[in-house]
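Look at the model below.

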Amino acid sequence: MSIQKQMKTLEYDVLVVGAGIAGGESALNLADLGYKVLLLEKELSIGGKMILLSKVFPTLDCAACITTPKVSEIARHPNITIFTGAEPQKILKKGSHRFEAVVLQKPRYVHVADCTGCQLCEEACPVSVTDEYQYGLVGRKAAYIPFSIASPRAAAIDIDNCTLCGACERACPTKCIDFTQTPEEFLVKIKSVVIATGFELFDPLKIPRYGYGKYKNVITSMQMERELAPTRPFNTVLRPGDGKMPDNIAYVLCTGSRDKSVGNPICSQICCMYSIKQAQLLMGALPMADITIYYLHIRAFGKGFNEFYVQAQDMGVEFIKGKVGKITGKENGNLVVRYEDIKAGTVKEAEHDMVVLSVGVLPNQGISGVFENEELQLDPFHFVNQVDLMASPAKTSIEGVFVAGTASGPMDIPDSILSGGAASAETTSYLRKESL
Ligand SMILES: Cc1cc2nc3c(=O)[nH]c(=O)nc-3n(C[C@H](O)[C@H](O)[C@H](O)COP(=O)(O)OP(=O)(O)OC[C@H]3O[C@@H](n4cnc5c(N)ncnc54)[C@H](O)[C@@H]3O)c2cc1C
Ligand code: SF4
Ligand code: SF4
């Protein structure tokens with residue numbers, strides 16, 4: 001069986017799928033050892049979710065300050081080729097140390113090398129749509145730079161919403177906008193594959209009683225993350241319903257985690273800690289605000305995590321062991337949280353002016369269907385199965401295919417980086433066996 005058609009053929013040592021922190025770490029390690037790496041990212045920028053975060057628990061280091069130097073090292077490395085807007089369509093195992101992949105690259109309608117990032121196209125474009133990189137909190141233009149620290153920092157045209165008015169083309173000083181671009185397919189020959197496709201966030205619309213989508217002041221933790229980030233949409237923390245600065249914010253932990261009724265029985269491992277982090281950041285941003293965290297159990301299991309939890313308590317964050325049943329909106333935009341106070345054994349209500357749903361981590365399942373002639377096994381929760389978890393954690397069911405980061409299960413950034421390192425070490429040892 002061959003998948004060779006009339007396509008441009010490219011050859012690398014390793015294909016890394018997904019350019020979040022885990023895939024980026026794997027790609028850098030392999031490239032430093034002299035291997036030629038093709039790094040695929042389906043979004044317009046590399047950096048994954050981490051590049052969009054505010055600060056990181058438990059150190060409160062700035063996420064962008066850690067991510068941007070790594071991202072620029074990846075972007076400049078002579079042994080790494082990056083395709084953004086690109087995904088593998090199929091991957092075929094052709095023999096030991098031999099894979100073929102068909103990669104689809106979507107058109108950006110901008111020649112990246114010539115784009116200066118001046119944003120004149122954005123200013124000229126008359127079309128406004130919701131900004132997915134700000135998680136729907138604000139709008140963007142149909143001609144747009146994904147976000148200010150994107151890599152590459154180049155414009156793209158959102159062709160689905162573009163009216164083809166030509167205003168961006170006329171405004172562009174380097175004439176790099178090109179509406180003739182079409183999707184391109186490449187045949188990529190590689191010796192090994194690293195899967196670093198990351199995770200999806202739980203969609204809170206699946207729990208209608210929490211009022212997400214109905215009440216504008218119920219937001220997700222990722223939206224709050226954007227409000228707190230240096231590249232934030234507003235200059236401070238605002239509630240989306242009316243632009244008021246909130247002074248009484250509630251968190252609902254385990255939204256879509258440890259909940260069989262929504263099909264996700266497992267702990268997401270990061271939500272307790274990122275909520276505690278956000279609570280501390282909010283106390284700095286809004287010193288007069290009250291913060292309440294409704295939790296079932298606080299899982300502060302990592303290095304420095306329990307101290308971080310105690311620090312939040314000492315700062316005045318209120319922790320209520322309570323199961324939230326329902327959130328209802330009031331005319332003034334405030335929200336009434338009805339919950340079971342587990343310690344008191346009673347049902348209570350409390351009013352807050354903003355509610356943050358600490359949404360859980362879900363598997364990104366699409367990648368398993370890409371493998372054509374061998375099965376990429378998934379675990380019972382649909383993450384990529386680690387077939388030899390104790391001895392060889394990056395190994396998958398296909399020899400020569402390794403997994404890195406949250407593609408194999410929920411984990412935080414330090415563990416994703418460690419896992420990216422493990423995947424590159426196991427890939428190296430596999431590649432070295434070829435020459436023996
Ligand atoms: C609200 C929130 C706050 C957080 N705060 C913290 C914190 O303070 N500290 C901490 O340690 N952790 C935090 N985390 C967790 C952190 O985001 C993850 O640990 C980390 O992003 C995992 O990295 P990853 O590379 O595995 O996955 P991702 O960041 O998901 O990256 C995967 C990449 O693969 C790409 N991709 C997916 N499928 C394909 C495909 N088929 N082809 C090509 N590309 C593909 C995606 O577009 C993405 O760029 C937080 C998470 C959330 C949701
Ligand atoms: S051609 Fe499309 S992207 Fe360019 S300005 Fe007009 S609507 Fe915006
Ligand atoms: S596409 Fe042109 S106008 Fe837009 S940012 Fe790039 S160089 Fe500037």
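Helix 6 is mostly covered, with twelve of its 15 residues buried (20 or more other C-beta atoms within 10 Å of a residue's own; exposed means 12 or fewer, partly exposed in between; C-beta atoms are placed from the backbone). Helices (H or I, at least four residues) and strands (E, at least two) are DSSP runs, numbered from the N terminus. This is a predicted model: local features need pLDDT of at least 70, side-chain atom pairs count only at pLDDT 80 or more, and totals for chains, interfaces and linings use all residues. Residues are numbered from 1 along each chain as its sequence is written, while chains are lettered from A and ligands numbered from 1 in written order.

The buried residues of helix 6 include Cys 271, Met 273 and Leu 282. They pack against strand 17 (248-255) and helix 7 (305-315), among others; contact means C-beta atoms within 7 Å.

The largest nonpolar core has 120 residues. Such a core is a set of buried Ala, Val, Leu, Ile, Met, Phe, Trp, Tyr and Cys residues joined through C-beta atoms within 7 Å. Leu 15, Val 37, Ile 195 and Val 355 touch the most other members. Helix 6 (residues 271-285) gives the most to this core, with eight residues.

Now the backbone. Most residues other than glycine have a negative phi, and most peptide bonds are trans. Cys 254, in strand 17, has a positive phi of about 60 degrees. Cys 254 is buried, with 25 other C-beta atoms within 10 Å. The peptide bond from Phe 57 to Pro 58 is cis, with omega near -10 degrees.

Terms used. Contact = placed C-beta atoms within 7 Å.
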